[in-house]
Structures are given as C-alpha cells and as structure tokens.
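Here are my notes on the model you sent. They are set out as numbered points, to be read beside the structure.

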Amino acid sequence: AQTQLTPTASIGENWPIGEDKFHRSQIFCYSNDVPMMFDNKPGIGGELLPGQTLKVTNSVFPEGIGIGSSPPSWIAFDKQVLCFDAYFEEEVPEKHQELYRIRHCKIYFYLEDDTIQVTEPVVKNSGLKQGTIVRRHQIPLPPPDEDRFYTMYDFNINTEITFYGRKYKIIDCDEYTKNFLRKIGIRLNPPASRPDDPYTTEREQRHLASTNPFHPYERFDTLKQFLEFDGQVLGFSCVWNDPESQLTGPRELVLRYYLSDDTIDIKEILPRNSGRDVVPFFLKRDKLPKNAPVPPYHPGTITNYTLLNVLGKPERNKGYYIRDVLQTGAVHQEFYKDSDLKIGAVINVWGRQILLCDCDEFTKEHYRKKYGIVDFTPIQYKTPPPPKPEIIVPPYNGFGTEEDSLNSCRSVVVKSPHKDYRQFLMKDRYGMDSKILRYAAKLVTDNAIDKERKFIISYVLSDDTISVFEYAERNSGIAGGKFLERSRIKKPGQELFKSEPSEYYKAQDLFVGARVCFHGHKFLLVDADEYTFNYMERNANEFPMADFCVVLNKLKSMTESRAKEIRKTFATTDPEHTNVIGYDTFRNWVVSVAAGGFSEHEIMTLGRHYGMRDESQTDLYLLLSVAQEKLKKNAFENFEQLIAVFLYNDREKCGLLPYETCRTIFKSFKLPLPDDLLETLLTRFEDPQKQIDYRKFVDALNWRQNQVHAFEEMKKPPKVKPVSQ
C-alpha cells in the first residue's frame, strides 16, 4: 500500500549559474492528492539517472484509512505516536573495567509521516551526553533496501532493527502501541527482559559495600519537632543575684526557650548608665545541661555518638573509624526541657542560679494546654521606685511668653515651645470648610456712640486664636477695620506672675449671648453666621448650648409642672390654630419661663430645630451678598447715576419699569455682574405684573449704604412650632 508521487516539475534544466545548491535537489510531487516538496532526491537536478527508480513512501496506509473517506495521513494520524522500549550495546575499547555498555533508549514512530526519533533518558552523574540520539526524520532501511524507509510493519517486540549501522533491540512497548499493531494485523512477540549494565551494577555494589556501616545507624529524628514547633518560643523574665555586685541589686535577664530544638538563650537587660559592657547574649543559644559542673566539659565530650579509631595511626593519610555503639566513652547528660521551666523555679546556668519570675502570654497558653498549669502569679523582685521629686516651677517673670519661660525651666538648652500639630491637622482649613467661627458682637458700654459700633469676632479652630474686625460706618467718625490682631487671648481676672499656665479663651466660651472681655474691652455676642451654627450643631458633644437634646431636656425639667398653662398660652397666641407661632413670641415665653436660665444661643438652638424658615428670603440675602461682593471688588459706586437713568426712562414717574428695560439699562452701565446672577435678582424683584421697583433694587445693590452680611439672615427669625407638640 504505497502512495505514488508524481513529479510536477523538474528543477535542474537550464539552472542559472550562481544559484544555491540546496534548491537543485528539490522536487514537487503529489502525495495523497496533496502537493508536497521532497528534498535530497536521487539524480542530478531532480532527474533520475539511467536505470534508477523513484520509490518514495510517505505512508503505508492507502487513501480512505483515517478520519472520513479521503483525508491525508498527516490529518488522519495527527499526534499519534508509537513508543518502543529498546537498548543498544556500545563498545568501550579504551577502558579495561568495562568492555561494553548497555544504554537504554526509547524509539518513537510518528504515524502521520513515518518519521522516527530515538531518545535516551537522562541519568544523573552518568558522564554521558544523553538526550536525543537520532533526530526525527524518515530513516531508510539498511542495504540492500536503502531506497525504502522504515514503516510500522518493520517494528515488533523482541526484534532487532538497525539505524545507520547501530543495532537496537526492542524489548517492549506501551499499551497504545500494542493495540495499534494488533489492529493492523501484526502478531506481537512476548516482551524481552531488560539487561543491566555490568559496570554500573559492579560500581553500585562497591559503593554500598564501602558505605555500609558495621553496626546499625542510630537515627536522631529532629525534623518532625522542627516542622511542628518552628517559630514558637517561650519567654521568661528572670533575675540573677550576682554576688560580686551587691550594691547594684539583681540583674534582670530574659530567657527564651525554643521549642523547635530545645535550645535556650539568655539576654541581659542593662539599665542606663550601668557601667557594664553591652554584649549580644548573656548565654548563647544552645542546649543547657542540668547540674553542669564548673569548669564545663571539654569540647566534643558530650555528643550524640562517638567514633573510634581502629588503626590508631593513619596509614597513607587514611583512617579507619567505626561507631561506638556501646557508648563506652560517652557522658550521659540531662538537658533542661520546657517541663523544667516554670515561675518560681531556679535553674543552673553554668554555675549561676537564675530565678524565673514571670512569662509572656504565649508561654502561659502553652503551659495551660500541655501541662494544665493555671497559676502564673509573678514573683516581685523589684523594689518599688522612690517617688519622683516634685518639680517646683518658678513664677512667670514677664519676659517673653509663658510657654517660653516654662521651657527654660525644663531643660538647660532652651527650646521653643511645641505647637499642637494634631489640632492643626485636624482643624485646619480644607476646601470650602474654613474652620473659622464668626460672631457678630457689640461693645458693652454706657457710651451712646460706642453702643452703635458693630464688630465681627473670628475664632480660628486650628490654633485657638481670635481676631476682631469693626465695620466702617459712613459719617460715624470711626474709621473701622482691624480692631484686634489675631492672637490667643487670656481670660480676665488671672494673676500675671504665677507658676501655673494661664487660661485662654476656647471655642466653648464663645456663643450667642456670651459676654467676653478682650484686653479690657467687653463684648456681647449677638449673632453668628450660618457656618458657625452648623459647625456647633455637628459637634454638639463639644458645644452643650448647641446640643438640641440637652437644651430640650433642660426646658422640660423647668416646665414639667406647667404643661396646661403652656398649652393655654400657645392657644391664645395662635387664634387661627395653625400650630405655628412667631419666633419673638417663642423667645419671650422661654425667657419668662427660664427666668434667665437659658442663654440666647440655647433659645436659638430650639428655634432652629423647630423653625420653618422662608428659604426664598434666605436665598435672596445670599444672592445680594454675592452681588455686593462683586460690585465692591470692581469698585462700582455709580448708584446715583443709575437711579437718574431709571428716572429718565420712567415716563409715568410710578417707580416701576418692565424687566427688559431694567436689564438693558444695567447692561448699558456695564454692571460687573454675571448674566445669570443679574437675571435671577431681577426675577426675585419682579411683581405679578412683570414690573420691577428699580429704586428698591438699586438700594439692595448699594453696598455702601445697605451692606448685606452673613449674620443678617437671622434678623428676621423663623416661625417656630410649639415645643410641646
């Protein structure tokens, strides 16, 4: 069943001079209707010599065998390989210890293209270059049939085949190969025995004879203990009463017992300025013998096993030793185990009596599980330290700040006082969160002029500093501006020259209704901005006056016996039964009930919680404050000329103009406001007839005369629901 190859082209006739010789021996043929190119064909230039025939077999299987009716062999038998176990004899003429060598190998036959590969398994320390012996390719039969190639019909168990003059003896094959050969009609021979290499066998026997001990080897298996307890260490605190240092007291030691190999090491805890040399270990890690004599054994006396020299003196630099199985010269010594260590035990560390006083939690748990010990009362070996002498700080002398003066008493080298960086990092400005509390204030004075002055007190939470700013009123005779530089302010009524640090104003001291004194100026806090109220309510644990629950419980305790009277008062105030009363009425009622027991901030906390605020009015104040800020930054003050233009366009002199007319006039004046902000403000001032009161609008934008501030949002308090409801 051979596949005939039909040459399609003959390469070699009229071949150009200088071409590669490799292409001269190539020829295109058809195998199983598949065009293929074959190399190294006989003849010259692909043409056969006279009397020469072309017999090339790509596969012994005819068409139709495989997958389907007509697939080629390289598809039908893809990844199907026959495997044979074989060996060959290799002569060794240069060595007298061996005449030949048996080398085992495997022969692979690839069914897809009838190629063969021979490999030898790699053996460690063999001294031979092993691996692939014959690379994969089609192997021709030995002469006189060298014009044909090996097929699977040439393979069988217990037979010899020759590859390039070397004979291989096939002794066995795998199950797949056996089944395949039986299916194609080959009767398999029984498997042959696998011979051993005589030299290798002799060398192994000599090696075993030379290494075999005269007596059984005593195995010391410590691997299991190491794998089970690796990294587990028992720790004890112990002391040693050194007789040579009675004045310094007992020396503190730390003993560590390693469960992986039953070794012990000890480190000493040296106090400061002890005068002793710092050494890594008081006792190096090793097994600690019990009742060790002084001086200790010589090196090598205590060992696991002993070797005896049989010959006495070495001959030709060779000695002959055997194991001392009877252990005639061995010294039996017991070593400390974990069962010997406990609190209160005294162990002998090479003549030094060490007392175990305490242990760590891991050690306690180990002894609870393994030995059932539950008493771990430590032994007190330290005398209580004497009480520290009281440091008397001299009073403040007036030079520098109090912190500088205090640091000069704490150390010889004067250091600058440390700032509270934690407070700075936690309460520093972040994004739009300024962490600055601002309050509206006025002076507490009998002077009629000073009573009208308005102030803003700013408290910076990051460093507890306070600054005061005064509003500038036109024609008041007061310039306004910065009133107090930003700094920490002491509370009044404290002694100047004293040892204790002074008290400074904190954030909890500032709230609406509080009276503060800054360097002799008394202020009454009358209002705060929205950020301050929100911050204090978010941090109600720091500001009790902003904690709604605390304030409500305080009010309930005061009005518990007057419930009917309160309901009657609310019903009289609310004749229309809307369940809503005004903030002023609510505030006056709380003041009358509490009789001065509530601060203004606590009343505002209740009002903010139960209040029903007009959000549109609040938004209008916010829009006007933004618009005035932009006009102020651009120094726009032509409000009188703006009114004159509006009067000129108001032909009827009614004070109202349409929306578009007002927008056009503002655009002609190049008002420095964004279009969306201007249009939103005009919409807020528009009446149902689409008319705008231009005088009212211009007066609202006049930042000189009618400046809108943040705390003005609370000038018209919200309506409040009754607390009892």
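How many helices and strands does the secondary structure of the chain come to?

1. Overall make-up. The model is a predicted one, and its chain has 18 helices and 26 strands. Of its 725 residues, 34% count as buried. The chain exposes about 47,200 Å², with carbon and sulfur atoms supplying 52% of that area. Among contacts with a separation of 6 or more, 56% are between residues 24 or more positions apart.

2. Helix H9. This helix covers residues 530–538, and its buried residues are Thr 532, Phe 533, Tyr 535 and Met 536. Viewed down the axis of H9, these buried residues fall within an arc of 165°, so they line one face of the helix. What do they pack against? Their partners are helix H7 (421–427), strand S17 (436–443), strand S22 (521–528) and helix H13 (600–610).

3. Strands around S22. Two of the elements that the buried residues of H9 pack against, S17 and S22, are themselves joined by five bridges and run antiparallel. In that region Ala 440 stands opposite Asp 527 of S22. S22 is also joined to strand S21 (residues 515–518), by four bridges and again in an antiparallel arrangement. There, Phe 518 has His 521 in S22 as its bridge partner. The hairpin of S21 and S22 has two residues between the strands, and His 519 takes a positive phi near 55° in this hairpin.

4. Salt bridge within a helix. The count of salt bridges comes to 31. One of the pairs is Glu 365 with Arg 368, whose closest N and O atoms are 3.2 Å apart. Both residues lie in helix H5 (residues 361–371), three residues apart, which is about one turn of the helix. Glu 365 is partly exposed, at 35% relative accessible area, and Arg 368 is also partly exposed, at 36%.

5. Salt bridge between distant parts of the chain. Glu 403 and Arg 488 meet through their side chains in a salt bridge, at 3.6 Å from N to O. Glu 403 is in helix H6 (residues 402–410), while Arg 488 is in the loop between strand S20 (481–487) and S21; the pair is 85 residues apart and links distant parts of the chain. Is Glu 403 buried or partly exposed? Glu 403 is partly exposed, with 29% relative accessible area, and Arg 488 counts as partly exposed at 37%.

6. Arg 486 pairs with Asp 463, and the closest N and O atoms are 2.9 Å apart. Arg 486 lies in strand S20 and Asp 463 in the loop between strand S18 (455–460) and strand S19 (465–470), so this pair ties together parts that are 23 residues apart in sequence. Arg 486 is partly exposed at 44% relative accessibility, as is Asp 463 at 32%.

7. Salt-bridge network. Which residues does a network of salt bridges link? Glu 90, Arg 103 and Glu 120 are linked in this way.

8. Nonpolar surface patch. Leu 223, Phe 226 and Leu 227 form a nonpolar patch on the surface, and together they have about 320 Å² of accessible area. Leu 223 belongs to helix H4 (residues 223–229). Leu 223 counts as exposed because its relative accessibility is 52%, and the cut-off for exposed is over 50%.

Key. Residues numbered from 1 in each chain as written. Predicted model: local features only at pLDDT ≥ 70, side-chain atom pairs only at ≥ 80, totals over all residues. Heavy atoms only, no water. Patch = residues over 30% accessible without salt bridge, like charges linked within 9 Å, V, L, I, M, F, W, Y side chains within 5 Å. Areas by Shrake-Rupley, 256 points an atom, 1.4 Å probe, with all protein chains shown as cover. Salt bridge = Lys/Arg side-chain N within 4 Å of Asp/Glu carboxyl O. Buried < 20%, exposed > 50% of the residue type's maximum accessible area, 1.4 Å probe, protein only. Arc of directions from axis to C-beta. Contact = heavy atoms within 4.5 Å. Pairing = 2+ DSSP bridges.
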